[in-house]
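Colleague: I have some questions about the words you use for this model. Please set each one against its cut-off.

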Amino acid sequence: IRDSGYAPLPIIPGQKRPPVDAWTMVTIDPAAVTAWTRQYPHFGVGLRTGSLVGLDIDILDADLAHLAERLAVERFGGHAPVRVGLWPKRLLLYRTDAPFAKIVRGSKDAKIEVLGVGQQFVAFGRHPDTGADYYWPHGETPLDVALDMLPLVDEAGAGAFLVEAATLLGLTEQKGGGGRSRP
């Protein structure tokens, strides 16, 4: 995965977080990956975002989640690999040439997040709520698609997509905002 341009991290089994201190800043080189493979042989694999962008559709209404995915495909073109943990929620993979911070629209019950600098997500492992493995319903994973082959997004496009999606889907903002969050 690292050789394909991604920044892999070990993920604690049945959780969504790395065991590594300062994982947002640690250098992920072949030596680190080799050490983690030895130290955490039965852990999941997460991917740190930055140049990699995760579009996290955190919506349990299947029709709305599908509509959000379709809108993303229309806006950003290309085919983005899709990862699922708790259906119909899903995460689409994109890349950016100018990394940016996470952007969020919606509330804790239904939201869409664009995961950027200072974030990570589980690519392979067991989902803590379902007890089942995360899966890639279209078959393409980061093992198959190199980072530089993912559809390209930028901060302005991601922000505009979120505004459009929130309006189209009727996502309400959390009290006190819910827009940008800092890593």
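Modeller: Gladly. Let me start with a pair of residues: in β7, leucine 115 is the bridge partner of glycine 54. Keep in mind that the model is predicted.

Colleague: What makes β3 and β7 a pair?

Modeller: Two strands pair if DSSP finds at least two bridges between them. Six bridges join β3 (residues 52-59) to β7 (residues 110-115). That meets the cut-off, so they count as a pair. The two strands run antiparallel.

Colleague: How do you know that β3 pairs with β5 as well?

Modeller: By the test of at least two bridges. Six bridges join β3 to β5 (residues 90-95), and these strands also run antiparallel. Isoleucine 57 stands opposite arginine 90 in β5.

Colleague: And what about β6 and β7?

Modeller: Five bridges link β6 and β7, in the antiparallel sense. The cut-off is at least two, so this is a pair too. Isoleucine 103 stands opposite valine 114 in β7.

Colleague: What is the strand order in the open sheet of five strands?

Modeller: The order is β4-β5-β3-β7-β6, with antiparallel pairing.

Colleague: Why do β4 and β6 stand at the edges?

Modeller: β4 (82-83) and β6 (103-107) each have a single partner strand, so one side of each has no neighbour in the sheet.

Colleague: Why is β3 called mostly covered?

Modeller: Buried means under 20% relative accessible area. Eight of the eight residues of β3 are buried. Leu52, Gly54, Asp56 and Asp58 point one way from the strand. Val53, Leu55, Ile57 and Ile59 point the other way. Both sets are buried.

Colleague: Why is leucine 150 called buried?

Modeller: Its relative accessibility is 1%. The cut-off is under 20%, so leucine 150 counts as buried. Leucine 150 lies in the loop between β8 and α3. Its C-alpha atom is separated by 9.1 Å from that of threonine 96, which is 54 residues apart along the chain.

Colleague: How does the span of α3 compare with what is expected?

Modeller: Helix α3 (residues 155-169) has 15 residues. From its first C-alpha to its last, α3 reaches 21 Å, close to the 21 Å expected at 1.5 Å a residue.

Colleague: What makes you say that the buried residues of α3 line one face?

Modeller: The buried residues of α3 are Ala158, Gly159, Phe161, Leu162, Ala165, Ala166 and Leu169. Seen down the axis of α3, they fall within an arc of 160 degrees, so they line one face of the helix. The face turned away from the buried side carries the exposed residues Ala156 and Thr167. Exposed means over 50% relative accessible area.

Colleague: Which residues of α2 are buried, and how are they placed?

Modeller: In α2 (residues 62-76), Ala65, Ala68, Glu69, Leu71, Ala72 and Phe76 are buried. They cover an arc of only 160 degrees around the axis, which puts them on the same side of α2.

Colleague: How is the largest pocket lined?

Modeller: The largest pocket has a volume of about 410 Å³. Of its 20 lining residues, the closest to its centre are Lys16, Asp56, Asp58, Arg83 and Glu113. Asp, Glu, Lys and Arg count as charged. By class, the lining has seven nonpolar, four polar and nine charged residues. β8 gives the most to this lining, with three residues.

Colleague: And which classes line the second largest pocket?

Modeller: The second largest pocket holds about 300 Å³ of space. Of its 15 lining residues, Pro8, Val33, Trp36, Thr37 and Val45 are the closest to its centre. The lining divides into eleven nonpolar, two polar and two charged residues. α1 gives the most to it, with four residues.

Methods. Residues are numbered from 1 along each chain as its sequence is written. This is a predicted model: local features need pLDDT of at least 70, side-chain atom pairs count only at pLDDT 80 or more; totals for chains, interfaces and linings use all residues. Side-chain values use heavy atoms; hydrogens and water are left out. Buried means under 20% relative accessible area, exposed over 50%, partly exposed in between (1.4 Å probe, protein chains only). The expected span of a helix is 1.5 Å times one less than its number of residues. The arc is that of the directions from the helix axis to the C-beta atoms. On a 1 Å grid over the protein atoms alone, a cavity is a set of points where a 1.4 Å probe fits but cannot get out, and a pocket is an open set with protein on both sides within 12 Å along at least five of seven lines; lining residues have an atom within 4 Å of a point. Grid points are joined across faces, edges and corners, and a volume is the space filled by probe spheres set on the points.
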